Amino acid sequence: MEPDVKMLLSIKNLHASIEDKPILRGLDLDVKAGEVHAIMGPNGSGKSTLSYVLAGKSDYDVTEGSATLDGADLFAMEPDARAAAGLFLAFQYPLEIPGVATMTFLKTALNAQRRARGEAELPTPQFIKLVREKADGLGISTDMLKRGLNVGFSGGEKKRNEVLQMALLEPKLCVLDETDSGLDIDALKIVAEGVNALRAKDRGFVVITHYQRLLDHIVPDVVHVMAKGRIVRTGGKELAHELEARGYADYVEEAA
Amino acid sequence: MPAVQETVARVRSIDVDQYKYGFVTEIESDRADKGLSEDTVRFISAKKGEPEWMLEWRLDAYRRWRTMAEPKWARVDYPAIPYEELYYYSAPKGSSGPKTLADVDPELLRTYAKLGIPLQEQEILAGVEQRRVAVDAVFDSVSVATTFKEELGRAGVIFCPISEALRDHPELVRKYLGTVVPATDNFFATLNAAVFSDGSFVYVPKGVRCPMELSTYFRINERNTGQFERTLIIADEGSYVSYLEGCTAPMRDENQLHAAVVELVALDDAEIKYSTVQNWYPGDAEGKGGIYNFVTKRGDCRGRNAKISWTQVETGSAITWKYPSCILRGDNSRGEFYSIAISNGRQQVDSGTKMIHLGKNTSSKIISKGISAGRSQNTYRGLVSAHRKATNARNFTNCDSLLIGDKCGAHTVPYLEAKTSTAVFEHEATTSKISDDQMFYCQQRGLSSEEAVALIVNGFVKDVLQQLPMEFAVEAQKLISISLEGSVG
Amino acid sequence: MNADVRPIRTAAETGLIEAFEAVRAALPGGERGAQLRDDAFATIASRGLPNRRVEEWKYTDLRALMREARPLAGPVTPAELAAAEALLPMADVEALRIVFVNGRLAPSLSQLAGAPSGVAISPLSDALEGDAPHALVLEGAPADNALVALNTAFVADGLMIAVDEGVAASRAIHVANVQTGAAHSSYGRLLVSVGKGASVTLIESHSGDAAGHQTNTLVGLDLADDAKANLVKLQDEGLGTLHLATLAVRLGRKAELNSLALSAGSLAARQQIFLAFKGDKATANVSGAGFAGARRHLDTTLVIDHEGQGCVSRELFKTALDGQARSVFQGKIVVRPGAQKTDGKMMAKALLLSEGAEADAKPELEIFADDVVCGHGATVGAIDDELLFYLKSRGLPQVEAEALLVQAFVGEVIEMIEDEPLRDALTARAERWLRERD
């Protein structure tokens with residue numbers, strides 16, 4: 001990587017627990033703008049916890065360490081402020097909100113973030129045009145946009161909807177939590193293409209996944225292995241193939 | 001629809017910190033002596049220049065009321081109402097009856113403009129299609145203005161204050177008044193029958209589709225004054241009317257009594273759609289002041305294929321005691337009740353409906369969404385009954401409650417009574433809170449916690465909002481957000 | 001306005017007052033017991049029997065259902081004892097059996113000595129002796145409830161069962177109540193305490209002849225922390241009987257109750273259930289099935305009181321009605337302030353098989369805590385015509401097709417019983433009703 005590229009996400013010695021049970025135990029991670037980092041690891045290694053802690057889910061307590069986004073202290077901000085600051089989490093299980101049309105939700109979210117950043121709200125015609133453009137590429141129909149947010153959506157539709165939100169909100173850092181779970185290969189390709197289209201030199205990605213197959217489509221710059229709440233190994237994209245072949249057993253023992 | 005659009009704009013622009021309609025209009029008024037006696041009843045009747053039969057009807061009600069006790073079965077708790085300390089009639093000076101808009105006291109016009117209800121008959125702008133609404137404005141005890149009367153008159157629709165209807169159409173009033181809610185119906189309805197001072201009257205003749213929405217805006221202004229309006233709407237065979245009702249009152253430390261009666265009559269193939277946005281002053285956060293809203297609303301589907309639909313958005317009042325009901329007398333008639341009841345602060349809501357199936361093949365639908373926040377108590381109370389001869393009666397009921405905060409209560413008390421085996425009743429109710437996960441998801445997308453609550457709540461009540469005329473729905477949506485201000489910490 | 005005005009006493013009320021006057025001095029319980037009985041009876045004497053103007057009795061007017069008070073049952077004669085034996089239900093169900101005839105313990109029909117180890121079984125009359133008759137104080141049910149008050153005033157016999165801490169009772173215990181002989185009234189009380197971590201299965205049956213008795217039975221069930229109880233009740237009273245029953249359950253932390261009742265008999269029945277979650281994370285499954293024809297009346301009135309946190313309650317009640325029978329379901333889930341993470345669901349379904357049948361339902365939620373998931377549902381309707389048509393198109397005659405669908409309807413409840421002979425016994429009873437539709 002070029003040395004003058006700025007640090008986007010910087011996590012130092014992060015410890016976090018849920019109901020007094022430690023999950024993250026001294027995690028360090030640096031992501032520069034323009035990079036795609038994959039985090040792989042066995043079930044229970046704390047991958048999803050990392051995404052929730054970064055986004056600010058209240059069930060988790062940060063007991064030690066720090067995380068900054070573009071130099072700003074993430075832990076000093078409410079979840080919505082973190083979103084406005086440019087952090088986007090693509091949920092493993094996107095929530096359903098009955099009665100709230102997807103379009104309404106997108107507009108409310110976009111305008112809330114614009115307001116928080118001191119930008120003017122987007123006029124409705126422009127907004128609709130923008131959504132249609134982005135939605136077309138992801139194969140999201142107008143009908144889906146009118147339906148209640150994620151209500152009655154298939155697994156693939158929910159994930160595409162997450163990518164649509166990512167495209168629309170244009171975050172600085174995207175955290176994808178097991179985005180491949182529950183997707184067949186065609187859906188996976190659509191989602192991956194959507195993500196790839198968003199790769200840019202001023203944007204970073206943290207792709208959390210259990211399996212290597214997603215990384216065939218979203219090719220990472222760096223691959224980390226996580227076990228027992230820490231990054232235990234870091235390498236290039238070939239590391240993912242190695243893991244696919246050998247499994248996580250070594251790392252589970254190593255960290256124990 | 002300029003009136004409502006204006007209202008919407010007002011609601012949008014106001015500082016949302018507290019009740020928006022809490023100002024007092026300084027205007028001289030004509031009041032009956034304090035307290036209630038036969039003389040009060042005679043005074044009111046005389047003020048209105050009513051026929052003798054009407055006075056007798058009122059006096060019968062008054063005597064009956066003296067023997068009655070306040071109902072105690074609702075889940076509302078309030079100190080004894082000092083009936084002898086109230087004023088039962090208050091009217092802005094000089095407005096003994098409605099007149100042309102040009103004659104209305106400018107102070108009153110300003111009041112309604114401030115409420116977002118300009119009492120003007122705005123012209124339709126060239127090329128711009130706008131729906132219009134005829135407004136009857138009721139200020140304390142009297143109607144101060146009614147718009148679009150002439151245009152409605154051309155369609156044969158009568159829309160006027162009930163006091164005027166008693167003078168100009170006594171045969172119609174006499175034929176229908178008290179036939180849906182008898183003068184002896186219940187404590188508050190009987191009190192209303194004795195002392196009601198004004199309200200709206202609507203008659204839509206056979207086969208006429210009312211050319212515009214009709215609406216009444218009620219305003220309580222005077223101190224220590226009860227408001228007792230009475231609305232009577234008759235939809236003759238094959239006619240249709242949509243009626244909207246809005247209510248506000250000043251912020252005052254003492255409680256004020258509002259005991260209204262609404263009667264709807266739908267004859268063969270007629271349809272009445274009645275929508276309410278009730279935003280009486282709810283009292284302050286500690287429960288001081290606010291309107292006691294004890295209202296009897298009932299519709300009678302008297303003819304075959306008649307349809308009555310109630311939609312209510314209840315955000316105001318310290319106490320709400322109201323059960324807009326349908327008597328499904330005509331074969332194939334249909335009743336609907338759509339309700340959003342929001343309580344915050346120390347508000348107490350006990351509201352719901354009754355669907356009384358009497359005719360064959362009658363159907364009803366109840367969708368109730370209750371939202372409790374603060375230290376409020378919110379109760380849905382409903383009855384669905386099918387009598388022996390109501391073969392093939394159908395009801396579907398869905399009551400959902402949402403709790404915001406752990407100091408409030410949400411209660412559901414439905415009664416289902418099926419006396420015919422051909423009836424099919426389905427009832428479902430749920431109570432839950434907004435899930436933490438939903439909140440987190442919205443916040444992760446950049447919404448503040450208050451925005452997230454408002455969004456989720458609006459989704460929760462969507463089925464009901466959809467029933468409102470569009471402009472009213474927008475207004476209601478804003479009101480919902482405002483009423484839940486401060487409910488999340 | 002005139003709800004407070006007491007009309008002239010009915011024959012039944014006068015009869016109860018006279019009966020109480022006649023027996024009060026002779027009832028066991030000592031001075032303290034007499035006081036408790038007097039206090040209990042005073043609510044009846046002053047208010048009379050509950051009628052439809054009392055909200056909880058809106059659909060079951062006891063004053064109308066109980067035209068007169070039957071005389072208290074006298075000592076059991078040898079002939080009655082023999083008749084009672086023939087009326088005992090569920091002979092095939094393996095259980096320790098304790099039999100009450102006309103409200104009196106019948107030692108000759110009972111296996112009093114065979115209590116499984118760690119389980120103490122004793123006559124209630126023993127507990128009523130002495131000056132501290134705790135058996136007359138019932139925790140968990142409202143003392144001023146008319147049925148509870150009457151039971152407290154009159155009860156003279158019954159049973160107490162105590163399962164020691166950590167003991168899993170090795171046999172089910174079947175408490176059989178039989179009414180026979182001349183029309184009479186009888187009172188029974190079963191008090192069960194299940195110690196910490198202990199478990200027990202109880203079977204309660206009520207059967208009898210058609211003489212038109214009045215029974216008032218009360219079951220108190222106390223589950224300590226981690227205790228578990230299964231309670232199966234068969235109400236198969238004679239078709240002239242007025243059956244008044246109260247079940248009061250208190251659950252400790254992580255306790256578990258599975259309760260199921262089949263209402264097959266009686267002219268009119270009111271089953272009250274008061275269930276209170278006292279500790280956290282307890283579970284209760286309460287269900288019932290019933291059927292009635294002719295002019296019979298079945299009432300289930302239930303209050304599920306969530307006081308502890310994280311408790312789960314599930315209620316399912318199903319009734320099939322023929323003739324001019326009427327069913328009443330009143331169910332209330334209460335979630336008290338602080339009872340967070342409560343998960344409560346209640347469902348009541350009535351199937352109307354004839355034009356004259358009637359079903360009333362009042363499912364209630366009363367909720368004072370926000371972090372809860374509660375719901376109730378109620379349905380009333382006839383048999384699905386399409387299903388009926390489908391079965392008929394496969395060759396089933398109307399009656400059989402209907403029977404099959406009704407069987408499936410109440411079967412959903414009965415199927416929840418794990419013990420096979422017990423389940424078979426209740427299924428057989430349901431099948432019999434489908435033939436007789438009485």
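## The interface of chains C and B

Between them, chain C and chain B bury about 2700 Å², with 47% of that area on carbon and sulfur atoms. The model is a predicted one. On the chain C side, 35 residues are in contact with 35 residues of chain B. Of the 2 pairs of chains that touch, chains B and C have the most contacts.

The rule finds 3 salt bridges across the interface of chain C and chain B. One of them brings together the side chains of C:Glu358 and B:Lys419, at 3.3 Å from N to O. Residue pairs in polar contact between chain C and chain B number 17, counting pairs with both residues at pLDDT 80 or more. Two strands of chain C, β18 (358–367) and β19 (373–381), each supply at least two residues of the side that touches chain B. The largest share of that side comes from β18(C), with 10 residues. By class, the side of chain C that touches chain B holds 17 nonpolar, 8 polar and 10 charged residues.

## The interface of chains A and B

Chain A also touches chain B: 32 residues of chain A are in contact with 17 residues of chain B. The area buried between chain A and chain B is about 2000 Å², 64% of it on carbon and sulfur atoms. Chain A and chain C, in contrast, are joined by no contact, and their closest C-alpha atoms lie 15 Å apart.

Across the interface of chain A and chain B the rule finds 3 salt bridges. In one of them, the side chains of A:Lys57 and B:Asp437 meet at 2.9 Å, N to O. There are 12 residue pairs in polar contact between chain A and chain B, where both residues are at pLDDT 80 or more. Several elements of chain A each supply at least two residues of the side that touches chain B, including α1 (47–55), β7 (97–101), α3 (102–116) and α6 (155–169). The most is given by α3(A), with 7 residues. The side of chain A that touches chain B divides into 19 nonpolar, 7 polar and 6 charged residues.

## A sheet in chain A

Chain A contains an open sheet of 4 strands in the order β2-β1-β4-β5, with antiparallel pairing. At the edges stand β2 (21–32) and β5 (72–73) of chain A, each with a single partner strand, so one side of each has no neighbour in the sheet.

The strand β4 (residues 60–69) of chain A runs antiparallel to β5(A), and 2 bridges join them. One residue pairing here is that of A:Thr68 with A:Asp73, its bridge partner in β5(A).

## Aromatic pairs

Over all chains, a search of the whole structure finds 29 aromatic pairs. One involves B:Trp65 and B:Phe187, whose ring centres are 5.3 Å apart and whose planes are at 40°, so the pair is tilted. B:Trp65 lies in helix α3 (residues 52–66) of chain B and B:Phe187 in helix α8 (residues 187–195) of chain B, so the pair ties together parts that are 122 residues apart in sequence.

Key. Residues numbered from 1 in each chain as written. Chains lettered and ligands numbered in written order. Predicted model: local features only at pLDDT ≥ 70, side-chain atom pairs only at ≥ 80, totals over all residues. Heavy atoms only, no water. Contact = heavy atoms within 4.5 Å. Buried area = accessible area lost by both parts, 1.4 Å probe. Salt bridge = Lys/Arg side-chain N within 4 Å of Asp/Glu carboxyl O. Polar contact = N/O pair within 3.5 Å; in protein donor to acceptor, adjacent residues only side chain to side chain. Nonpolar A, V, L, I, M, F, W, Y, C, P; charged D, E, K, R; others polar. Phe/Tyr/Trp six-rings, centres within 6.5 Å; stacked < 30°, edge-to-face > 60°. Pairing = 2+ DSSP bridges.
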